[in-house]
Amino acid sequence: VSRLLRDVEVEGRRVDVRLDGGRIAEIGILTPRADEEVVDGRGGALLPGLHDHHLHLFAMAAARASVDVGEGLGGLRNAEPGGWIRGVGARESVDRHVLDALVPDRPVRVQHRSGGLWMLNSAALREVAHVLDDSSDVERDERGEPTGRLWRYDARLRPALPTTEPDLLGVVDELHLLGITSVTDATPDLDGDAVRALSGLPIPVTLLGDPGGDAPRKLLLRDHDLPPYDDLRDEVAATHARGRAVAVHCVTRESLLLTLAVLDEVGRHPDDRIEHAAVVPVPELLRGLTVVTQPAFVTTRGDDYRRDVGPHDLPHLYPYAGLLAAGVRVVASSDAPYGPLDPWEVVRAARDRELGPHERVDAGTALSSYLPGRVQVGASARLCLLHVPLAEALADPDPGLVRRATWT
Ligand SMILES: [Zn+2]
């Protein structure tokens, strides 16, 4: 059965759009058919469904079942009764003694909002003792006892944790409410079960972490422990040799320069990406690469950056306009759950940022990086219908303007 979206705004023109079989079948001034469902668009903009270029679906699902401690660790006391407590969004880095004082009797693990650090209390450390290795990722005190801080430890921690079914479908609903109809999951090194679960979702998911996939392959550089140049070079060269681009996580000046040096030697794949590019002293060096940025970090973490980022890096933090001016392709994204998922908040942040105002871009530029392709005959019916014309939405970006996403 076909559907007719009447009186919608497509690229500035008010038209009717017929959907059939998950595709756009016709665009023009169209007469409704007897058997078709008609939606009155009332002049609202019809956009391609938005694509978030960098997020983490499993972590988003897990965050839905977690205690948000972004406003302070005291929130852990409000956890539902039961076994493990999982906290997310912590602003501070604390050891097990601090957590023991808050929750002495249940295992607690708290994720720093950077995503790279887990902090466990003593009860939790006892539960996971058999997966703690001798690497520097397990911080230890002078007596050799774990302090509770575990760096980049997700994969090694998982076997020791209780299994819970992540609510991935709940995440997909959340995406649709915001107008997002496809995503790129940037989690590195997914196992077979994870690849199957994400590929089976009712939304197209590009997987940077699928070891056997053909999307750019996520390489996570550990910022406090960068790999030797030769190791990274060999890994990038091997990935390119399989015809696959790389997507390299770079949040420091050092990691970016290391990556650029490696790409200079091994050559660039046209789809190579830099994830975050948090500090870019010389935008011109990134020409030919795609930068996947997170404009909302600058607004939601601005105070932390002002305090923690060195004076030499601060003027180069999360560039956007400067990269575009240098001819670099830039796409905006959320990095949810570590940044706000809402693309309309991201667009607003790109336009209004206070930190580095010279890096502002207009709302239309930021939004267009979320739009895969155009609304045209043959394109997917994964669309995003707004309540208002596009100009109005760009003047005041807000998720409440999304009327409906996807008709597949
Ligand atoms: Zn990420």
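**Strand S12 and the chain around it**

Strand S12, made up of residues 146-151, is largely enclosed by the rest of the structure, because 5 of its 6 residues are buried. Buried here means under 20% relative accessible area. The model is a predicted one.

**Partners of strand S12**

- Strand S10 (residues 117-120) runs antiparallel to S12, and 3 bridges join the two.
- Within this pairing, Trp118 has Leu150 of S12 as its bridge partner.
- Strand S11 (residues 138-140) also pairs with S12 in the antiparallel sense, over 2 bridges.
- Leu150 in S12 stands opposite Val138.
- S11 and S12 form a hairpin with 5 residues between the strands, where Gly144 takes a positive phi near 85°.

**Overall form of the chain**

- The chain contains 14 helices and 21 strands.
- Its radius of gyration is 23 Å, close to the 22 Å given by the globule rule for 408 residues, so the chain is as compact as a globular protein of that length.
- The C-alpha trace spans about 80 × 55 × 40 Å along its principal axes.

**Interior and contacts**

- Of the 408 residues in the chain, 52% count as buried.
- Among contacts with a separation of 6 or more, 66% are between residues 24 or more positions apart.

**Surface and charge**

- The accessible surface of the chain is about 18,100 Å², and 50% of it belongs to carbon and sulfur atoms.
- The chain carries 46 positive and 64 negative side chains, and the centres of these two sets lie 2 Å apart.

Methods
Residues are numbered from 1 along each chain as its sequence is written. This is a predicted model: local features need pLDDT of at least 70, side-chain atom pairs count only at pLDDT 80 or more; totals for chains, interfaces and linings use all residues. Side-chain values use heavy atoms; hydrogens and water are left out. Buried means under 20% relative accessible area, exposed over 50%, partly exposed in between (1.4 Å probe, protein chains only). Helices (H or I, at least four residues) and strands (E, at least two) are DSSP runs, numbered from the N terminus. Two strands pair if DSSP finds at least two bridges between them. The radius of gyration is taken over C-alpha atoms; the globule rule is 2.2 Å times the number of residues to the power 0.38. Contact means heavy atoms within 4.5 Å. Accessible areas come from the Shrake-Rupley method with a 1.4 Å probe; for residues, only the protein chains shown count as cover. Lys and Arg count as positive and Asp and Glu as negative; His and the chain ends are not counted. The place of a charge is taken as NZ of Lys, CZ of Arg, CG of Asp or CD of Glu.
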